[in-house]
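Here are my notes on this chain, written for someone opening it for the first time. Please keep the structure in view while reading.

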Amino acid sequence: MGKALNPASDVTFTLSHGILNEAYYPREDIAYLRDMGFVVTDGHEFFSEEKRDTEHQIETLKDGIPAY
């Protein structure tokens, strides 16, 4: 589970498979949205979904500080 860097923000979120799985607002027990990812298509034949067709990784800004 993650939170915005701004302490005034009421948004909490979860990540999985390179996408935003859920966002909670205004409290951590109220789901606001689910599965927000990217889809790329040419409108005819090509279709690529971020959570299925990409590789993803989590990097840190400094040791012990996760950033997504």
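1. Start at Ser48. Contact here means heavy atoms within 4.5 Å. Ser48 sits in strand S6, residues 47–49. Its relative accessible area is 18%, so Ser48 counts as buried. The classes are: buried under 20% relative accessible area, exposed over 50%, partly exposed in between, with a 1.4 Å probe and protein chains only.

2. A word on the basis. This is a predicted model, where local features need pLDDT of at least 70, side-chain atom pairs count only at pLDDT 80 or more, and totals for chains, interfaces and linings use all residues. Residues are numbered from 1 along each chain as its sequence is written, and side-chain values use heavy atoms, with hydrogens and water left out.

3. Next, the overall build. The chain has one helix and eight strands. Their order from the N terminus is β-β-β-β-β-β-α-β-β. The radius of gyration is 15 Å, well over the 11 Å that the globule rule gives for 68 residues, so the chain is more spread out than a compact globule. That radius is taken over C-alpha atoms, and the rule is 2.2 Å times the number of residues to the power 0.38. Helices (H or I, at least four residues) and strands (E, at least two) are DSSP runs, numbered from the N terminus.

4. The extent and the surface come next. Along its principal axes, the C-alpha trace spans about 45 × 30 × 15 Å. Of the 68 residues, 15% count as buried. The accessible surface is about 5900 Å², and carbon and sulfur atoms hold 53% of it. These areas come from the Shrake-Rupley method with a 1.4 Å probe; for residues, only the protein chains shown count as cover.

5. Take contacts between residues at least 6 apart in sequence: 14% of them join residues at least 24 apart.

6. Now the charges. The chain has 6 positive and 13 negative charges, and their mean positions are 9 Å apart. Lys and Arg count as positive, Asp and Glu as negative; His and the chain ends are not counted.

7. How many aromatic pairs does the structure hold? There is one. The ring centres of Tyr25 and Tyr32 are 5.7 Å apart and the planes stand at 75°, so the pair is edge-to-face. Rings pair if their centres lie within 6.5 Å; planes under 30 degrees apart are stacked, over 60 edge-to-face, the rest tilted. Tyr25 is partly exposed at 38% relative accessibility. Tyr32 is exposed at 58%.

8. A cis peptide bond joins Tyr25 and Pro26, with omega about 0°. Pro26 lies in the loop between strand S3 (19–24) and strand S4 (31–36). Most peptide bonds are trans, and most residues other than glycine have a negative phi.

9. Two residues have positive phi. His17 has phi near 55° and lies in the loop between strand S2 (12–16) and S3. His17 is partly exposed, at 49%. Asp35, in strand S4, has phi of about 50°. Asp35 is partly exposed as well, at 37%.

10. Last, Asp63. Asp63 lies in the loop between strand S7 (59–62) and strand S8 (65–67). Asp63 is exposed, with a relative accessible area of 81%. Asp63 and Asp35 are 28 residues apart along the chain, and their C-alpha atoms are separated by 28 Å.

Key: Charge placed at Lys NZ, Arg CZ, Asp CG, Glu CD. Phe/Tyr/Trp six-rings, centres within 6.5 Å; stacked < 30°, edge-to-face > 60°.
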